[in-house]
Amino acid sequence: MTSDRRDEIMRLAAELFATKGIGPTTVRDIGERAGVFSGSLYHFFRSKNALVAEILSGFMADIDQRFQRVVETSTSPRETVRGLIHQTLVVIEEHPHPTAIYQQNRQYLRDNGLLDVVDAPSRTVRDYWLTAIATGVADGSFRSDIPAEVFYRTVRDALWASMHWPGRDGYTTDEFTDVLVALFFGGFAEE
């Protein structure tokens with residue numbers, strides 16, 4: 001029961017942090033939303049920042065597990081990159097509040113030492129991408145004239161920014177994956 005209550009508090013706090021911002025959200029706000037006295041929250045989390053850290057840790061762990069499965073089950077670099085694109089979109093869909101926290105509260109996270117929670121996992125995520133891209137360049141399935149880091153950052157930034165795109169709601173995640181894969185792999189210009 002305590003674990004369920006803790007998870008519920010994390011879910012409600014993530015929603016508040018995503019919509020209101022971490023800084024402006026108070027422990028009292030979280031307690032009111034969760035239906036507990038703000039002092040009781042310290043039974044579950046030692047501080048607001050500890051709560052943020054736990055939300056982001058779980059978020060990054062989920063991304064890592066998803067990406068690891070993609071890498072383990074893919075049979076080609078192209079399939080791996082497609083899988084990473086798809087799983088990023090799934091994460092955005094399934095975890096909109098942690099995604100927003102990570103994307104919209106960078107300064108707060110930096111100022112409060114909370115980027116440490118995501119730095120190592122972010123490097124691991126980056127490695128999944130760059131390994132797949134480098135393998136694709138080596139086997140000739142990807143272009144060698146575009147630096148891997150440029151392709152990776154372009155795809156990564158477009159994927160995470162897509163959470164704000166108004167037209168995204170018109171697609172299923174699979175359809176949107178197909179559109180983005182076609183764009184990233186094929187370009188936009190007619191040859």
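In this predicted model, the buried residues of helix 8 are covered by several other elements, among them helix 3, helix 4 (77-94), helix 5, helix 7 (116-138) and helix 9 (173-186). The residues of helix 8 that are buried in this way are Phe 151, Tyr 152, Val 155, Ala 158, Leu 159 and Trp 160. An α-helix has 3.6 residues a turn, so residues three or four places apart point the same way. Helix 8 itself comprises residues 148-161, and at 1.5 Å a residue its 14 residues should span 20 Å, which agrees with the 20 Å that separates its end C-alpha atoms.

Two packed helices are described by the angle between their axes and the distance between the axes. For helix 3 (residues 48-73) and helix 5 (residues 96-104), the axes come within 10 Å and cross at roughly 110°. Because angles of 65 to 115 degrees count as roughly perpendicular, helix 3 and helix 5 are roughly perpendicular to each other. On the side of helix 3 the contact is made by Ile 55, Leu 56 and Phe 59, while helix 5 contributes Pro 98, Thr 99, Ile 101 and Tyr 102. The residues of this contact divide into 6 nonpolar and 1 polar, with no charged residue.

A pair of aromatic rings is described by the distance of the centres and the angle of the planes. The rings of Phe 142 and Phe 185 have centres 5.6 Å apart and planes at 40°, so this pair is tilted. Since Phe 142 lies in the loop between helix 7 and helix 8 whereas Phe 185 belongs to helix 9, the pair ties together parts that are 43 residues apart in sequence. Phe 142 has a relative accessible area of 14% and is therefore buried.

In the pair of Trp 165 and Phe 176, the ring centres are 5.9 Å apart and the planes stand at 85°, so the pair is edge-to-face. Trp 165 lies in the loop between helix 8 and helix 9, and Phe 176 lies in helix 9, so this pair ties together parts that are 11 residues apart in sequence. With a relative accessible area of 36%, Trp 165 is partly exposed, whereas Phe 176, with a relative accessible area of 5%, is buried. Ring pairs also link Phe 67, Tyr 128, Trp 129 and Tyr 152 into a cluster, and Tyr 152 is one of the buried residues of helix 8.

Technical notes: Residues numbered from 1 in each chain as written. Predicted model: local features only at pLDDT ≥ 70, side-chain atom pairs only at ≥ 80, totals over all residues. Heavy atoms only, no water. Axes fitted to C-alpha atoms, helices over the stretch in contact; angles between N-to-C directions. Helix = DSSP H or I, 4+ residues; strand = E, 2+ residues; numbered from the N terminus. Parallel < 35°, antiparallel > 145°, perpendicular 65-115°, else oblique. Contact = heavy atoms within 4.5 Å. Nonpolar A, V, L, I, M, F, W, Y, C, P; charged D, E, K, R; others polar. Expected span 1.5 Å × (residues − 1). Buried < 20%, exposed > 50% of the residue type's maximum accessible area, 1.4 Å probe, protein only. Phe/Tyr/Trp six-rings, centres within 6.5 Å; stacked < 30°, edge-to-face > 60°.
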